[in-house]
Amino acid sequence: MDYAKMRAIAEELTAYAEQLEGSWEVEIGPSGPFLAMMSPSKRHEGTVRRIRNQLNAQLPATHPGYVCENGPEIEHPAIGRMRRPDAVVIPETVLDEEGLAVDATRVLAVVEIVSPSNPDNDYTEKLAEYPAMGIEHYLIVDPRTGTIEVHSDPCGDRYRDKAPYIFGDAVPFGPWTVRTDAFRRYGKAGNTTP
């Protein structure tokens with residue numbers, strides 16, 4: 001199915017989801033458009049906020065005019081994918097444009113916080129899709145295990161470089177540093193170490 005048809009179906013699913021109870025998102029993955037219920041935990045959202053705040057404090061020095069935000073969809077019609085990362089580094093000007101999705105070629109970095117229910121989505125599907133979209137930096141934070149992976153240097157559908165870290169480390173992420181000492185694991189009251 002071509003991307004225009006998949007995008008039309010995704011828009012119909014989005015309109016349908018607005019009538020449902022709860023919070024839903026639509027993405028286009030390897031099997032086409034799908035609707036998924038979102039129920040991120042407070043720790044998930046707290047980790048996204050901490051990363052976003054840290055990157056936004058550093059971006060004016062490294063990439064003036066860029067921001068780290070959560071929410072915008074990113075799409076790459078040539079490979080037939082549309083995703084909604086937990087956080088994305090993009091030019092601030094795209095937030096004033098019409099439409100729902102950001103062209104993936106304008107995305108500098110993405111961040112995903114692994115959910116307990118679907119870890120393969122971040123470690124398998126998106127780990128192949130983001131480099132294929134040409135996204136230079138991909139940060140995977142896993143509160144289940146207290147681990148972090150930094151992926152960079154896209155080459156086809158994979159990243160050439162991968163660096164592992166644990167909660168508590170100062171994590172180099174592209175030209176930025178993400179401090180993880182305040183990150184919390186799922187199911188570990190107050191713990192910051194694995």
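Partly exposed lies between buried, under 20% relative accessible area, and exposed, over 50%, using a 1.4 Å probe and protein chains only. Its salt-bridge partner is Asp142, at 2.7 Å from N to O, and Asp142 is buried, with a relative accessible area of 1%. A salt bridge here is a side-chain nitrogen of Lys or Arg within 4 Å of a carboxyl oxygen of Asp or Glu.

This is a predicted model, where local features need pLDDT of at least 70, side-chain atom pairs count only at pLDDT 80 or more, and totals for chains, interfaces and linings use all residues. Residues are numbered from 1 along each chain as its sequence is written, and side-chain values use heavy atoms, with hydrogens and water left out.

Now the chain. It has three helices and 13 strands; these are DSSP runs, helices being H or I of at least four residues and strands E of at least two, numbered from the N terminus. Of its 194 residues, 43% count as buried.

Back to the salt bridges, of which the structure holds 10. Arg106 pairs with Glu97 at 2.8 Å, N to O. Arg106 is partly exposed at 31% relative accessible area, and Glu97 is partly exposed at 41%. Lys126 pairs with Asp122 at 3.7 Å, N to O. Both lie in helix α3, residues 119–132, four residues apart, about one turn of the helix, and both are buried. Arg81, Arg83, Glu125 and Glu129 are linked in a salt-bridge network.

Next, the interior. In soluble globular proteins, nonpolar side chains tend to be buried together. A nonpolar core here is a set of buried Ala, Val, Leu, Ile, Met, Phe, Trp, Tyr and Cys residues joined through side-chain atoms within 4.5 Å. The largest has 23 residues, and Ile51, Leu55, Leu139, Val141, Phe173 and Val178 touch the most other members. Elements giving two or more residues to this core include α2 (42–62), β9 (137–142) and β10 (147–155). Helix α2 gives the most, with four residues. Apart from this core lies another, of 17 residues, among them Ile74, Ala104, Val110 and Val114.

Which residues does Leu139 touch? Leaving out residues up to four places away in sequence, they include Ile51, Val110, Ile148, Phe173 and Val178. A contact means heavy atoms within 4.5 Å.
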